[in-house]
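Look over the sequence and the model below.

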Amino acid sequence: MIPVDDPALVRFLEADGTFAPSPAAEPYRDAVESIGDADLETFYRDMAVIRAFDVQATNLQRQGQLALWPPSYGQEAAQVGSARAARAQDHIFPSYREHVVTKIRGVDPIDIIRVMRGLTHGGWDPTDPKNGNTHIYTLVLGSQTLHATGFGMGLVFDGRSGTGDADRDEAVIVYYGDGASSQGDVHEAMVFANSYRTPEVFFLQNNQWAISVPVSTQSRSPLYKRGEGYGMPSTLIDGNDVLASWAVTRTALDEARSGEGPQAIEAMTYRLGAHTTSDDPTKYRTSAEEESWRRRDPIARMKAFLVGRGASEAFFADVDAEAQALADDVRTRTNALGGLERDDIFAHVYSEQHPLIAEQRQWLADYEASFEGGAS
């Protein structure tokens with residue numbers, strides 16, 4: 001594991017919620033101290049509500065309602081801070097566990113459920129204004145970095161960034177993990193991003209494990225230094241500190257948007273749950289390791305900070321109620337989704353009728369008819 005006491009690490013909140021900026025955090029201190037109570041409470045609300053959704057979705061998968069679920073449990077601070085740092089005109093390219101990022105931008109959480117239930121390949125329309133320029137989930141590791149870089153190049157070509165108009169200039173932020181950072185797509189994206197000076201932030205969530213492969217096996221040096229190797233400013237943050245995530249991402253997006261080229265951020269966090277619900281993390285990591293990271297829980301940390309500032313019990317009770325309401329709503333709507341008709345999987349393979357598809361459709365029909373009652 002890369003040590004969380006790296007002197008380059010930007011951190012404002014200690015694990016117990018104490019406000020104690022690290023030396024590397026000082027350049028961002030004024031911005032953080034200017035955040036009002038309402039925004040600080042919004043950060044906490046975002047994290048707590050999405051965790052309730054995440055737990056509910058995991059339960060739904062275990063009960064057979066979803067084919068798969070990728071938990072974001074433990075990574076809420078990195079996601080909330082970065083998403084809240086983006087402007088409305090910015091473009092979001094998620095991987096496949098940025099649940100709270102999509103929610104903050106306006107995507108209905110049930111649209112994520114539909115993807116994981118196998119009802120849609122996309123989930124939502126990125127061009128619909130209600131979805132906040134949020135592009136669809138990408139399950140192919142690292143490919144979203146190429147998509148984001150290509151989009152960023154388009155912004156440069158079209159003169160939609162670097163004009164000096166902060167209210168109109170656009171930027172791109174792309175999310176990926178430590179495992180994806182070893183994919184060639186990510187490195188190709190960084191080459192083109194720096195060559196074309198794209199208005200882009202590469203946001204790496206280092207949750208310490210690429211399924212069962214630890215970061216120490218993936219890289220001999222801190223991952224944020226890879227961005228430096230491609231000529232872009234790179235910053236290491238405590239990914240369990242929502243204030244650090246917000247401050248550093250805000251600055252990086254502002255710089256990218258203004259024409260200073262791509263930026264890189266490594267958020268040091270931890271995946272407290274499984275990689276996906278098909279994974280068993282007890283086979284490759286220890287309970288002692290997990291417990292050490294539970295003591296750095298981003299939600300508990302932010303709650304302690306807010307309590308120290310005088311947040312009321314009524315506020316936390318209201319958040320808990322909202323979280324439960326979302327979880328209940330998602331369960332109800334998931335159970336009402338239904339499934340696909342058998343022939344739907346063959347409908348959009350070719351634009352015209354194809355004999356191979358017809359053969360496969362007939363095979364499936366005959367197979368299902370072979371079961372008692374005529375259904376599998």
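Which strands each supply at least two residues of the lining of the largest pocket? They are E3 and strand E5 (209–210). Strands (E, at least two residues) and helices (H or I, at least four) are DSSP runs, numbered from the N terminus.

## Basis of the model

This is a predicted model, in which local features need pLDDT of at least 70, side-chain atom pairs count only at pLDDT 80 or more, and totals for chains, interfaces and linings use all residues. Residues are numbered from 1 along each chain as its sequence is written, and side-chain values use heavy atoms, with hydrogens and water left out.

## Pockets

The largest pocket holds about 230 Å³ of space. Its lining has 19 residues, and Tyr96, Arg97, Gly177, Asn207 and His275 are the closest to its centre. By class, the lining of this pocket has seven nonpolar, nine polar and three charged residues. Here Ala, Val, Leu, Ile, Met, Phe, Trp, Tyr, Cys and Pro count as nonpolar, Asp, Glu, Lys and Arg as charged, and the others, Gly among them, as polar.

The second largest pocket has about 170 Å³. Its lining includes Gly118, Leu119, Thr120 and His121, along with Leu340, Asp344, Ile345, Ala347 and His348. Four of these lining residues are nonpolar, four are polar and one is charged.

Pockets and cavities are found on a 1 Å grid over the protein atoms alone: a cavity is a set of points where a 1.4 Å probe fits but cannot get out, a pocket is an open set with protein on both sides within 12 Å along at least five of seven lines, and lining residues have an atom within 4 Å of a point. Grid points are joined across faces, edges and corners, and a volume is the space filled by probe spheres set on the points.

## The sheet and its helices

Six strands make an open, parallel sheet, in the order E1-E7-E8-E4-E3-E2. Strand E1 (9–10) and strand E2 (91–93) are at the edges; each has a single partner strand, so one side of each lacks a neighbour in the sheet. Two strands pair if DSSP finds at least two bridges between them. Strands E4 (residues 200–206) and E8 (residues 263–268) run parallel and are joined by six bridges. Glutamine 205 has alanine 267 in E8 as its bridge partner.

Helix H7 (residues 184–196) packs on the sheet and touches strand E3 (172–177) and E4. Its direction makes about 155° with that of E4. Helix H10 (residues 242–260) also packs on the sheet, touching E1, E3, E4, strand E7 (234–238) and E8. The direction of H10 makes about 170° with that of E8. Contact means heavy atoms within 4.5 Å. Axes are lines fitted to C-alpha atoms, for helices over the stretch in contact, and angles run from 0 to 180 degrees between N-to-C directions.

## A helix pair

Helix H2 (residues 37–62) packs against helix H13 (residues 313–335) at about 35°, with axes 9 Å apart. The residues of this contact divide into 13 nonpolar, four polar and six charged.

## The cavity

The structure holds one cavity of 30 Å³ or more. The largest cavity has about 90 Å³ of space. Of its 14 lining residues, Tyr176, Met190, Leu204, Leu223 and Arg226 lie nearest its centre. H7, E4, helix H9 (224–229) and E8 each give two or more residues to this lining.

## Asparagine 194

Asparagine 194 sits in helix H7. Beyond its neighbours within four places in sequence, asparagine 194 contacts Tyr230, Gly231 and Pro262.
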